[in-house]
Amino acid sequence: MEEKVLVEAIDLKKYFKVGGSSRLHAVDGVHFKIKKGTTLGVVGESGCGKSTLGRLLLRLYDVTDGQIIYDGEDIAHLPPKELKRVRARMQMIFQDPSGSLDPRKSVKDLIGEPLKVYNVCRTREEYDAKVAQIMQTVGLDQRYADSFSHELDGGRRQRIGIGRALAMDPEFIVCDEPVSALDVSIQAQILNLLMDLQDDKGLTYIFITHDLSVVKHISHEIMVMYLGQCVEYARTADLFERPLHPYTQGLLDAVPIPSLRAKKLSTQVMRGELTSPIDPAPGCRFAARCPYATDACRGKDIPLKEVEPGHYVSCTRF
């Protein structure tokens, strides 16, 4: 039996006006599917459009063009009243817990805020019991209930963010680099917590990161983005075993290997300047830095093609 697709993006685009008629192509024609109960990892350099994509899926940004199919319904252009109904099923964990938490509110108020917005609890006792249950789920001791977020360390602050995301029992969570600001030991705790929650509640994640070791650990499939476009998409094991796009190979080559005998995929180093994302010319946006670029890479956009079962790449070499 085929797994159900919970989230699908079809030719999704987000352009920002940057003066006059110029537009910055933050997300440009992205297409993917996320099956229910699985994790799609999104990787790429800073500025490639990862976080913008996550915010688009939750409609925190309005869509320039394309479709967002959530559980069979196109939500890309839903009016605010109808969108509120869908948003209860979708949540986000932000990169910086300090910046995403109101310092004037206690831990229990931060976690319980969605419950108040959606009028979930009828009594104060029911509200307190629900908040206590969420705190236990994410590993926050009850003695922190009346504390403020700035009084806690980074790991506990991120657990508040996860607890707030879980308050409405969502099906889909966008994790926007949720461990990048944490120490390595705390990173492991948060990652294990997210994976345990996925197993227990059947959650579906999109996990945005630039750390390839993290995305390998938590993701079922991986999408590699470069300047707003998807350049490679594959199952996690396939992508690490056989990366096809030169940009993906460059990302993997940049990962330190803690062994004197380990061999890199290649000795190529990515050189050159980034192409401007403002009104980019047709063609491969990585061509200026690619050692294999030819005239065929310029002048027309390169479509994403399935070159192996479940393995898609946007490159003229395939």
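User: At roughly what angle do the axes of helix H4 and helix H5 cross?

Analyst: This is a predicted model. Helix H4 covers residues 107–117 and helix H5 covers residues 124–137. Their axes come within 10 Å, and the crossing is right-handed. The angle between the axes is roughly 115°.

User: How many nonpolar residues does the contact of H4 with H5 have?

Analyst: On the H4 side, the contact includes Val 107, Ile 111 and Leu 115. On the H5 side, the residues include Tyr 127, Val 131, Ile 134 and Met 135. The contact also has 1 polar and 5 charged residues, while the nonpolar residues number 7.

User: Which residue in the hairpin of S9 and S10 takes a positive phi?

Analyst: Strand S9 (residues 221–226) runs antiparallel to S10, and 6 bridges join them. Within this pairing, Glu 221 stands opposite Arg 235. The hairpin has 2 residues between the strands, and the positive phi, near 45°, belongs to Leu 227.

User: Which residue of S12 is the bridge partner of Glu 232?

Analyst: S10 is also joined to strand S12 (residues 311–313) by 2 bridges, and these strands run antiparallel. In S12, the partner of Glu 232 is Val 313.

User: Why is strand S10 described as largely enclosed by the rest of the structure?

Analyst: A residue counts as buried when its relative accessible area is under 20%. Strand S10 spans residues 229–235, which makes 7 residues. S10 is largely enclosed because the number of its residues that are buried is 6 of the 7.

How values were computed:
Residues numbered from 1 in each chain as written. Predicted model: local features only at pLDDT ≥ 70, side-chain atom pairs only at ≥ 80, totals over all residues. Heavy atoms only, no water. Buried < 20%, exposed > 50% of the residue type's maximum accessible area, 1.4 Å probe, protein only. Helix = DSSP H or I, 4+ residues; strand = E, 2+ residues; numbered from the N terminus. Pairing = 2+ DSSP bridges. Axes fitted to C-alpha atoms, helices over the stretch in contact; angles between N-to-C directions. Left-handed = near helix turned anticlockwise from the far one by under 90°. Contact = heavy atoms within 4.5 Å. Nonpolar A, V, L, I, M, F, W, Y, C, P; charged D, E, K, R; others polar.
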